[in-house]
Amino acid sequence: MPMSEEVLAHTPGDWAWCRLGELPWVEAIGYGITRPGAHTDDGVGMVRAADIRKGRLEADAPRRIGLPVHEANARSQLRVGDLLVVLVGRIGEAAVVTGEYHGWNAARTVCVVRLSDPGIAEWLALWLRSSYAKDWCVRRATGSTLHQTLSLAVLRELPVPLPPAEQRTSFMRMMGAMEAKAEVNIQIVDGALALADAHFVRESLPYESGTGPTIGKLAGLRAGSARSPSGDGDSHSQREALFVSPANILQSDVPYLWSGELHCSAGEDDDLCDVGSILLAAKEGEVRAVMSDTPLLLGRGVMALHMEAEEDRFWLLHDLRLRKSELTAAAQGAGGRELSRRALASTAVRWPSQAVRTRFARIAKPLHLRARSAQAENRTLDALRGALLISFLSGKLWADSVSAAS
C-alpha cells in the first residue's frame, strides 16, 4: 500500500491531507544556485546538502560565494522560517532556517520552500523526518543508492498530513522540549571533545608536527574495496556486519562511528576491520578520521589504521583530526577523494613517549565516553520522537492525552 494511503487509513477523521506544493502557506518552491563559482573567503554563505543533518543546519566550514552570484540568485536567498530539503544524496533531510543563516543562499542540491507560517515549516521538517515520508521520497528518487536525486516535481507531490491547529501546536510543544534536551546533549558532546582536543594540543606542543615515525611504522593499513551491498547479503553467511562508505565518515559529527551505511552479511572470505580501528576518508580540502566501535566491511575509498594499544589509538586519532587539511597530500584522484596507501604510510606524525601517550589517554577516554553517552541519549530521543509521531498520526497519542487530562 502506498505511503499516503497507508497513513491516511489510520489518521483521525478530522485531519486533512494536502500535497506539499498545494499547501496554502507555501509561497515558493525552488532549488539553489546551479553555478556558484569559486569559493570566496569574504563572500556570502551557501548552504549545501552536507550542511543539513538530523533536522539541523550545521555549516561548520561553509562554502562562500561572491556577492554578484548571490545577488543574481535572489530567489534562493534564505529567510528565517524557510524550509530546506536535501535533493541529492540524503534526500528528504530537512531543516528550518534560523537567524544564523538568514541572508545566506542555497546550493543546487537543496530545495528552498518559502512559507508564510514558521509553525508549518517546523511541522513539515518533522514530517519529512518520519519513516513514512522518507520511504515515500526514496521510492520516487532516481540514481544510485549513494547519489539518489529527488526532483522538485516529485517533492511538490509529497502528501502532508494536517492535524487541527490545537493538536499540532500541543504536539510540537512536546517535540520542542525534546529538541531542547537534544541541544543540551550536543553541547555536552562538543564540549567534551573540545576539551580532549585542547589536552592533546597541550601535550603535543613540545613535538613538531610530522617529525616522528611514519604511520606505516606505527599502524597496519588496510584500504577498503567492498562495493555497497544490496542489503540481502549471503544467506549462507553466519557473520553480520555493517558496511561503511566514505560518506559515513565524512558526515560524522564526532570522531567515532556509530554505524555503517547498512546491515549486511559478510562472506567467509570478507576481512572485517577490527574494533577500535581508525577510519579515514577524503574529500576536497580535508581528510576526516573516526574510530570504529564495531567490526566493519570497508567500502571503496575508506582507509583503516589498526593499532593494538588503546593509548596509541587515542593519540593518533587526535593527531590526524587536527591535521585534516595537511593530510590531503595523501589524497589523489578527482576532487582529492582517494587516499593513497603509500602516501599515507609515509606520513610522519608527532609521537611522544609512552608515558605521555598514556597520560593523554587517561584524560581523553572519559571525555570520549561522556560524549558517546550524550550522543547515545540523543539516539534514544530520535527513536522516541519517531515513535511518538507514529502514535500522533494514528490519533492515539492525542486521545490518550485528552483522556488523561479529563
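Guide: Two strands pair if DSSP finds at least two bridges between them; strands (E, at least two residues) and helices (H or I, at least four) are DSSP runs numbered from the N terminus. On that basis, three strands form an open, mixed sheet in the order β6-β3-β9. This is a predicted model, where local features need pLDDT of at least 70, side-chain atom pairs count only at pLDDT 80 or more, and totals for chains, interfaces and linings use all residues. Residues are numbered from 1 along each chain as its sequence is written, and side-chain values use heavy atoms, leaving out hydrogens and water.

Visitor: What makes β6 and β9 edge strands?
Guide: β6 (63–65) and β9 (105–106) each have a single partner strand, so one side of each lacks a neighbour in the sheet.

Visitor: How do you know that β3 and β6 pair?
Guide: Three bridges join β3 (residues 44–47) to β6, running antiparallel, and the definition asks for at least two. M46 stands opposite R63 in β6.

Visitor: Which residues of α6 and α9 meet?
Guide: With contact meaning heavy atoms within 4.5 Å, A196, D197, F200, E203 and S204 in α6 meet W315, H318, D319 and R321 in α9.
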